[in-house]
Amino acid sequence: MKIQISHLLISFLFAFLCVTSCQDEIEQIENPNEQETIVPNSTLASLMSRTASNFGAADDILDGASCFSVELPVTIQVSDITIIIESEADLEALEDVLYDISVDEDVMEFVFPITIIFNDYSQIIIENANMLQSFIDECVEDENDVIACADFVYPISFSVFNSGFNLVDTVVISDDEALYIFLDELEDDENAVIVSLNFPVTIAYANGETIEVDTNEELAAAIEVADQFCEDENDCLEDEVAQNLIECSWAFSDGSGNFENDRMIFNPNGELQISEGMATSAIGGNWNLSATENGIILNFSELTAFQDSLGGDWLIIECDVDRMVLTKVNQTLVLEQDCEGNLGCSEEEINANIIECAWQLQTNLMDSLVPIYVYFTPNAQVLLSNNGNTETQIGTWDLVTVSTEKFIEFILQQGFETLNGQWQIVECNDGFLHLVIGNNYIYLEQECNLPNDDELFNCFGDFEILTCEQPNNAPVYNLSANTIGLIDCSASFTPSFHETLADANNNVNPISNTESYETLTAQVYLRIEAASGNFEIFNVYLNTENCNYFECFESFDAILEVCDNFTDGPYEFNLTIAFANCTPTADVVTYHETQADAEAAINPISNPEVYTSVNVMQIVYVRVEISNQYEVFPIQLSIIDCNAGNCTEGDIDGILAECLWNISSYNGSDNLFDYNFNFEQNSGIVVIYNDTITIDAGWSTSQANDGVVIAFSNVAGPNIQAINGNWLVVECTAEQLVLHNVNDSNNEIVLDRTCE
């Protein structure tokens with residue numbers, strides 16, 4: 001909290017010192033040493049005042065003037081963005097905000113009125129931008145102004161004596177403003193008073209170091225050397241800044257978005273180059289550094305463009321190795337080092353590497369259905385590869401170095417003119433080059449084993465494709481999956497299927513739906529076209545075979561079981577789950593109570609999902625129709641005793657934790673058998689895995705009225721997720737558990753133990 005000493009208090013104190021009638025109550029002490037007193041207008045008093053002055057340069061990113069600061073909080077607008085600055089931490093964050101956002105203007109606007117605070121803590125209210133600009137223009141730096149690299153560690157105190165060296169008061173100071181006003185009032189006072197600073201006093205430097213002093217002489221010396229302890233980011237050294245600037249190119253932004261693709265190149269001879277967007281030549285100019293009391297100034301001059309926005313003196317307020325922040329009258333310029341030009345490849349290495357082998361060229365400026373391969377010759381020719389054996393010259397290339405940056409310049413013809421210009425090399429790896437102009441790119445990937453067309457066509461031959469017979473419909477063939485998908489050919493090619501040889505030769509009327517091609521013909525033609533444009537045609541023979549559509553239904557016996565409810569029924573069955581894994585491939589599926597009805601396709605069960613039965617043992621029949629063929633399959637319905645015997649929760653916990661378990665049947669299907677279950681006894685985790693997937697799921701047991709319940713949770717995987725939920729143990733042996741879903745007893749799991 002700031003403590004201010006008013007003029008009234010000081011005047012009262014000095015008047016009090018002149019009243020001799022009160023001296024009987026004033027303590028008489030030994031005269032203070034002259035070296036311990038603070039003499040008005042002395043060097044020490046001046047050093048202390050300058051240390052306690054308001055540091056107006058701290059917020060130069062806001063106002064660009066070090067003579068005053070803006071009272072916080074303050075609201076600014078950048079384009080349509082409103083930002084409230086409430087603390088010094090917000091000022092530091094503002095630099096990053098101005099760099100990251102894209103705005104239409106390069107000037108921040110205050111929301112007026114604002115208050116500015118001068119170095120002596122006097123204040124004035126600013127009503128508009130013109131009024132603020134007048135104070136900025138009048139701001140003149142004084143080398144005897146603020147000392148910014150040292151601060152007092154508060155509180156500190158002063159002893160105040162009258163002319164008879166009687167101690168009349170002790171004044172405690174808690175912040176810079178109170179100290180500045182105290183010293184200022186002391187210098188203005190006409191009465192004979194003596195003030196002594198009470199030691200020890202601690203001085204904190206800007207780099208975090210502190211020093212404790214015990215005398216006026218030590219205090220003056222500690223303040224005078226403060227400059228050497230300024231933080232590195234604010235104490236930029238001219239030689240270091242210059243060395244960083246010429247090391248690499250620099251991306252730069254003033255927050256307007258106008259320079260997004262531009263780079264500055266600082267040449268050691270003082271020349272400045274700015275690569276402007278898509279331009280193939282750089283904007284010229286000069287740069288110069290100079291050291292001032294205020295800091296390092298970077299000057300841009302004689303620019304052939306951008307003079308209004310970039311020209312002039314910029315104060316460097318932050319100078320990290322790879323990032324600099326510059327300010328100039330309400331403008332901020334952020335430079336970020338872009339050393340992509342330091343490729344790790346020298347000019348000699350690039351020249352030696354680029355003439356070896358072919359290079360596949362990819363760019364956003366050209367659309368090509370076939371890969372483009374080029375060669376770079378030692379005599380600067382660019383050759384287009386036709387088929388791996390013949391090449392055609394399409395232009396020339398040249399490697400150009402500008403400062404530390406390297407460029408490949410193309411002069412091309414024959415449809416490649418859009419690539420002409422100087423392309424900067426921003427990445428250079430073994431067998432790979434990344435080139436850019438602005439937002440456009442070229443990728444060059446070396447290909448030293450480019451096959452010729454003969455090698456490509458040798459990958460192919462005539463094919464036969466088989467599909468199932470369709471008694472009353474045309475057979476359907478999957479051309480792509482049974483031909484191209486089975487060919488292991490590393491060369492690039494374009495395939496197409498045609499119904500006639502003439503269409504294949506002329507590359508017209510390609511078959512569009514190759515994955516579901518319906519035809520009664522016995523042959524089509526496959527055209528394989530190489531990157532060079534050369535092609536060959538291969539025969540594709542189409543044949544049918546007698547397929548067993550009902551193989552899935554024949555693979556297992558369908559048995560549905562429900563628990564005996566100790567009544568005469570009825571009992572409910574969900575017939576649809578008997579062949580649930582097979583029925584999606586069928587055209588029509590109906591359920592019947594007699595085989596005769598199923599054969600005749602009459603009297604289907606109306607609601608097979610909720611079928612009721614009173615028979616302890618009953619058979620119903622499912623009629624399956626596929627491709628105008630049908631088969632009838634039985635479903636055995638059984639009423640069983642679901643008493644799990646004498647297996648307790650502890651018994652089941654014990655046998656589950658022994659060995660591995662597999663689901664031998666899920667509603668009559670063995671589709672989940674390949675999943676292994678490893679029940680961890682104490683962690684509550686069951687590891688479910690097969691050759692391709694591992695799942696860490698949860699399991700637990702509990703005792704219910706009907707028996708022991710096993711709960712599965714977090715089972716996430718193809719098909720296996722169906723076991724999530726609670727399952728009642730209806731049969732229990734050391735080798736097998738039969739489980740029924742608590743919410744739907746028609747859902748059954750049979751777990752078998754495997755102790756290999």
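Colleague: In which loop is the place of Asn719?

Modeller: In this predicted model, Asn719 has a phi near 70°, a positive value in a residue other than glycine. Most residues other than glycine have a negative phi. The place of Asn719 is in the loop between β46 (707–713) and β47 (725–732).

Colleague: Is Asn719 buried or exposed?

Modeller: A residue counts as exposed when its relative accessible area is over 50%. The relative accessible area of Asn719 is 57%, so Asn719 is exposed.

Colleague: Is Cys357 buried, partly exposed or exposed?

Modeller: Cys357 lies in the loop between α10 (347–354) and β22 (358–363), and its phi is near 65°, a positive value in a residue other than glycine. Buried means under 20% relative accessible area and exposed means over 50%. Because its relative accessibility is 26%, Cys357 counts as partly exposed.

Colleague: How many disulfides does a search of the whole structure find?

Modeller: A disulfide is a covalent bond between the sulfur atoms of two cysteines. One of the pairs is Cys67 and Cys139, with sulfur atoms 2.0 Å apart; Cys552 is joined to Cys582, S to S 1.9 Å. The search of the whole structure finds two.

Colleague: What is the handedness of the disulfide of Cys67 and Cys139?

Modeller: Cys67 and Cys139 form a disulfide. This pair links distant parts of the chain, 72 residues apart, with Cys67 in the loop between α3 (60–63) and β2 and Cys139 in the loop between α5 (129–138) and β8 (150–152). The torsion about the S-S bond is about 90°, so the disulfide is right-handed.

Colleague: Which parts does the disulfide of Cys552 and Cys582 tie together?

Modeller: With -70° about the S-S bond, the link of Cys552 and Cys582 is left-handed. The pair ties together parts that are 30 residues apart in sequence, because Cys552 lies in helix α14 (residues 551–554) and Cys582 in the loop between β37 (571–573) and β38 (588–592).

Key: Residues are numbered from 1 along each chain as its sequence is written. This is a predicted model: local features need pLDDT of at least 70, side-chain atom pairs count only at pLDDT 80 or more; totals for chains, interfaces and linings use all residues. Side-chain values use heavy atoms; hydrogens and water are left out. Helices (H or I, at least four residues) and strands (E, at least two) are DSSP runs, numbered from the N terminus. Buried means under 20% relative accessible area, exposed over 50%, partly exposed in between (1.4 Å probe, protein chains only). A disulfide is a pair of cysteine sulfur atoms within 2.5 Å.
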